[in-house]
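Visitor: I would like to go through this model step by step. Please show it, and then take my questions in turn.

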Amino acid sequence: MAETGAAQANIGVVGMAVMGSNLARNLASREGNTVAIYNRSWEKTQTVLDEHPEAGFVAAHDYAEFAAALQKPRAAIIMVKAGGPTDAVIDELVKVFEPGDIIVDGGNALFTDTIRREKAVRETGINFVGAGISGGEEGALLGPSIMPGGSDESWVTLGPILRSIAAVADGEPCVTHVGHDGAGHFVKMVHNGIEYADMQLIAEAYDLIRRGTGKSPSEIADVFAEWNKGELESYLIEITAEVLRQVDAKTGTPLVDVILDQAAAKGTGAWTVQTALDLGIPVSGIAEAVFARSLSSKPAQRAAASALPGPSSDEFQVDDVDGFIEDVRQALYASKIIAYSQGFDEIVAGAEQYGWDIKKGEIAKIWRAGCIIRARFLNRITEAYAENPGLVALVTAPFFTDVVSKAQDSWRRVVVAATQAGIPSPAFSSSLAYYDGLRADRLPAALVQGQRDFFGAHTYKRVDAEGTFHTLWSGDRTEIEAEDTH
Ligand SMILES: NC(=O)c1ccc[n+]([C@@H]2O[C@H](COP(=O)([O-])OP(=O)(O)OC[C@H]3O[C@@H](n4cnc5c(N)ncnc54)[C@H](OP(=O)(O)O)[C@@H]3O)[C@@H](O)[C@H]2O)c1
């Protein structure tokens, strides 16, 4: 441990739990960085100092000592429990920092909290940056994908430091200045939403293959390992194979069979859906993934419903095993494209609503390594936005249109098979329904408008005339021109 007193650190980290200590170690391991550390309770700081003398940390006992250890402009990354604890740390740092200094919140904050905090901290002349950090514990230590928001001024100091610790994809660090105030945490939120959808889609693929072919988890692990060599190559497919191959030491059975089938959530998926609802963006794949976790975690309802009629899953056995597995792979790829397409729609809508200049291709680029949704096909998303920055729906980019048109027969067969077999596949089927909704010439939304006009005089527009209209439903049912009341 270096002596405190002189301002010798170029970056500080507050919060020495797993994420903060790993991020601090990552920073310390890079050329040119000296890292000041602080944790509310000294024990954690002492443990980190004892276990990692090689890091040369400058450890502080209080906030004043922490500020004194940092070179100006000071820059500190907060990695504490999101919510109240983050506010508590900001309040303390504001007391000891000066105008021009930078406070970074690297936790999983709700972007509206980040907007509020940025506004409040800016009044003191101190910069506040909300930075989404993805990659879990390992990413924090070895190289995460980083999504910082905040001011241009803070990026001048932070850019080189964050570039030094980020994951690298094709020689490029996975970090970019996403946009101002809450932009970074907004993009991180959507990243997590896409992660929910991706995980649910993979889980549905596994379930269908297991029930349709009778293959064991370890055999299905081989299928996923094979898929990981092709266009589906991604971190989530890779770890799925690992999880399916794991045998429980206690029982000798596949671990996946002894894990309680009730999925938990920490809330970022729900935030993505809530925000999408406010913005009016259909993120049906993400929403179904969040709801699927909620349904799984309702044991009383599931027990009560277990005798309800429906096909018995034992009766589902496909004839052409290899053909079915290929159909599921295609359905997964197409549904995954929809999930990303919907996520990018939400980012575009958020950027419009909050005035952020978010470069979609750059976002796809910084998700290529370090983060949980890292995947080979993110390169294709970057290319699609580079070719056409005004692309209104990712799925309409030539590359993705081609993939979906090749996959759609398989996709439909899988959804039909799942429905007939009584196997829930909410993410597969909602993605297909979204796709068909998007490409439809005409939607039954016309009838919905008619119903709304009937009971609430909400008016409608016509396909053949300008203006807004209302039918006198409780009168003689003639049509009149009306004021648009939506
Ligand atoms: N775990 C992950 O994989 C992951 C991935 C991405 C992002 N994140 C985000 O990263 C942040 C840190 O995560 P984590 O898992 O390392 O830690 P955590 O369990 O979320 O939080 C524990 C840390 O918060 C500090 N803390 C709690 N209340 C405090 C308060 N009122 N004032 C000051 N410090 C307080 C604790 O200090 P004491 O030791 O004194 O209690 C401890 O250092 C969170 O926002 C999390 O959402 C986590």
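Visitor: Are Asp-101 and Arg-74 buried or exposed?
Guide: This is a predicted model, in which local features need pLDDT of at least 70 and side-chain atom pairs count only at pLDDT 80 or more, while totals for chains, interfaces and linings use all residues. Residues are numbered from 1 along each chain as its sequence is written, and side-chain values use heavy atoms, with hydrogens and water left out. Buried means under 20% relative accessible area, exposed over 50%, and partly exposed in between, with a 1.4 Å probe and protein chains only. By that scale, both Asp-101 and Arg-74 are buried.

Visitor: How far apart are the closest N and O atoms of Asp-101 and Arg-74?
Guide: A salt bridge is a side-chain nitrogen of Lys or Arg within 4 Å of a carboxyl oxygen of Asp or Glu. Asp-101 and Arg-74 form one, with their closest N and O atoms separated by 2.7 Å.

Visitor: Which parts of the chain does that pair link?
Guide: Helices (H or I, at least four residues) and strands (E, at least two) are DSSP runs, numbered from the N terminus. The two residues are 27 residues apart, and the pair links distant parts of the chain. Arg-74 is in the loop between helix 3 and strand 4, and Asp-101 is in the loop between helix 4 (84-96) and strand 5 (102-105).

Visitor: About how many helical turns separate Arg-439 and Asp-436?
Guide: Arg-439 and Asp-436 form a salt bridge, the closest N and O atoms being 2.8 Å apart. Both sit in helix 19 (residues 426-439), and because they are three residues apart there, the separation is about one helical turn.

Visitor: Which residues do salt bridges that share partners join into one network?
Guide: The count for the model comes to 30 salt bridges. Those that share partners make one network of Asp-87, Asp-105, Asp-113, Arg-116 and Arg-117.

Visitor: How many disulfides are there?
Guide: A disulfide is a pair of cysteine sulfur atoms within 2.5 Å. The sulfur of Cys-371 is 7.2 Å from the closest cysteine sulfur, in Cys-174, so that pair is too far apart for a bond. Cys-174 is buried, with a relative accessible area of 0%, and Cys-371 is buried with a value of 0%. The count of disulfides comes to zero.

Visitor: What is the phi of Thr-459?
Guide: Thr-459 is found in the loop between helix 20 (445-456) and strand 10 (469-471). Thr-459 is buried, with a relative accessible area of 4%. Although Thr-459 is not a glycine, its phi is positive, at about 70 degrees.

Visitor: How far apart in space are Phe-455 and Trp-473?
Guide: Phe-455 is in helix 20 and is exposed, with a relative accessible area of 62%. In sequence, Phe-455 and Trp-473 are 18 residues apart, while in space, C-alpha to C-alpha, the distance is 8.5 Å.

Visitor: What is the relative accessible area of Ala-375?
Guide: Ala-375 is in the loop between helix 16 (360-366) and helix 17 (378-387). Ala-375 is buried, with a relative accessible area of 8%.
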